[in-house]
Amino acid sequence: MNIKRLLPNTNKSGKIVVALYVLIFAVLLVAVLRGVGQYWDWTFPFYAEQIGTFFNRAADSWTRDAGGSPLGYSSDYFARFGISLFGFLQPELLIYFLLIALFTAGAYGVYKITSNHVRGWLAFLFGLAAFINPTIFYKFTAGHIDYLISYDLLIFLIYFLFYRFKPDLRSSVVVGLTLALIGVQIQFFAIAAVMVALYFILRPEQWRWKFLAPILLLPLLVNMVWLSYFIFGGADLANVSGEATKSSFKGASSANYANIFSFSFSKATLISR
């Protein structure tokens, strides 16, 4: 499988756009190198020696619900494994590079989608707006790295479905694997599944029943570790989703537009060594 054929085309102008995104986000996120504000969901390693063992522990939480883990599941094992490979970096440097990569990749994905409908400079601004806003600021400052990873993957999935998908086995496998990886964050997993279903309902000419298996089974099998927690009654999906939503907006008033560029919460603790 040629991976380059699946990704957005990056011609000369595209490389310039990527470089500009890297430069802009590197400047805006530079304060992360001195420590980034954290909130109750912060799980990123505090010290370098914790990075190598990041894969071995489930996500922690600072609330008393369910023994300190209010959501009762851990679906981010692939993300934690990837992060654990960079134990040679200090946490501040690692999260700085990780955020720049995630912001740049996602912004460029938005740029590629919107550039098919608007002028290039406006598409560039749409890419910036997708990541420079109070919601994303709140998410990365609260430590929701999983959210950002799934957000990027959802952007790629939208691009792939509308501009690269073909009714063949390869495209079906790509959709299935992308859905599986989006499972890093459970809410995005549900959103992406509904979106894929709607895509084929509205574009029936793209559907082939013989490719149902990779699109359906790959996400289910890859995420069975945490899905089984709900399937066999270990947790109630409605209650978990309600708790997650309530927690997500509980402290939203702590952020304001000025903080977007200082990258600190008024009620957060800074990580620094």
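G176 is buried, with a relative accessible area of 0%; buried means under 20% relative accessible area, exposed over 50% and partly exposed in between, using a 1.4 Å probe and protein chains only. This glycine lies in helix α9. The model is predicted, so to speak of local features a pLDDT of at least 70 is needed, side-chain atom pairs count only at pLDDT 80 or more, and totals for chains, interfaces and linings use all residues. Residues are numbered from 1 along each chain as its sequence is written, and side-chain values use heavy atoms, with hydrogens and water left out.

- Leaving aside neighbours within four places in sequence, G176 is in contact with P214, I215, L218 and P219, where contact means heavy atoms within 4.5 Å.
- G176 and F211 are 35 residues apart in sequence, and their C-alpha atoms are 9.9 Å apart in space.
- Helix α9 covers residues 169-182; helices here are DSSP runs of H or I with at least four residues, strands are runs of E with at least two, and both are numbered from the N terminus.
- The 14 residues of α9 should span 20 Å at 1.5 Å a residue, and this agrees with its end C-alpha atoms, which are 20 Å apart. The expected span is 1.5 Å times one less than the number of residues.
- The buried residues of α9 are S171, S172, V174, V175, G176, T178, L179, A180 and I182.

**The whole chain**

- The protein chain has 14 helices and 2 strands.
- Of its 273 residues, 48% count as buried.
- Take the contacts between residues at least 6 apart in sequence: 75% of them join residues at least 24 apart.
- The accessible surface comes to about 14,200 Å², and 67% of it belongs to carbon and sulfur atoms. Such areas come from the Shrake-Rupley method with a 1.4 Å probe; for residues, only the protein chains shown count as cover.

**Helices α2 and α6**

- Two packed helices are described by the angle between their axes and the distance between the axes.
- The axes of α2 (residues 12-28) and α6 (residues 120-129) come within 12 Å and cross at roughly 35 degrees. Axes are lines fitted to C-alpha atoms, for helices over the stretch in contact, and angles run from 0 to 180 degrees between N-to-C directions.
- The crossing of α2 and α6 is right-handed, meaning that the near helix is turned clockwise from the far one by less than a right angle.
- On the α2 side, V17, L20, Y21, I24 and F25 meet A123, F124, G127 and L128 of α6.
- These residues divide into 8 nonpolar, 1 polar and no charged. Ala, Val, Leu, Ile, Met, Phe, Trp, Tyr, Cys and Pro count as nonpolar, Asp, Glu, Lys and Arg as charged, and the others, Gly among them, as polar.

- F25 is buried, with a relative accessible area of 1%.
- Not counting residues up to four places away in sequence, F25 touches I100, F103, T104, A107, L128, F131 and I132.
- F25 and F131 are 106 residues apart in sequence and 9.3 Å apart in space, C-alpha to C-alpha.

**I83 in α4**

- I83 sits in helix α4 (residues 77-84) and is buried, with a relative accessible area of 10%.
- Beyond residues up to four places away in sequence, I83 touches F44, I51, F54, L94 and L98.

**Helix α8**

- In α8, 14 of the 19 residues are buried, leaving this helix mostly covered.
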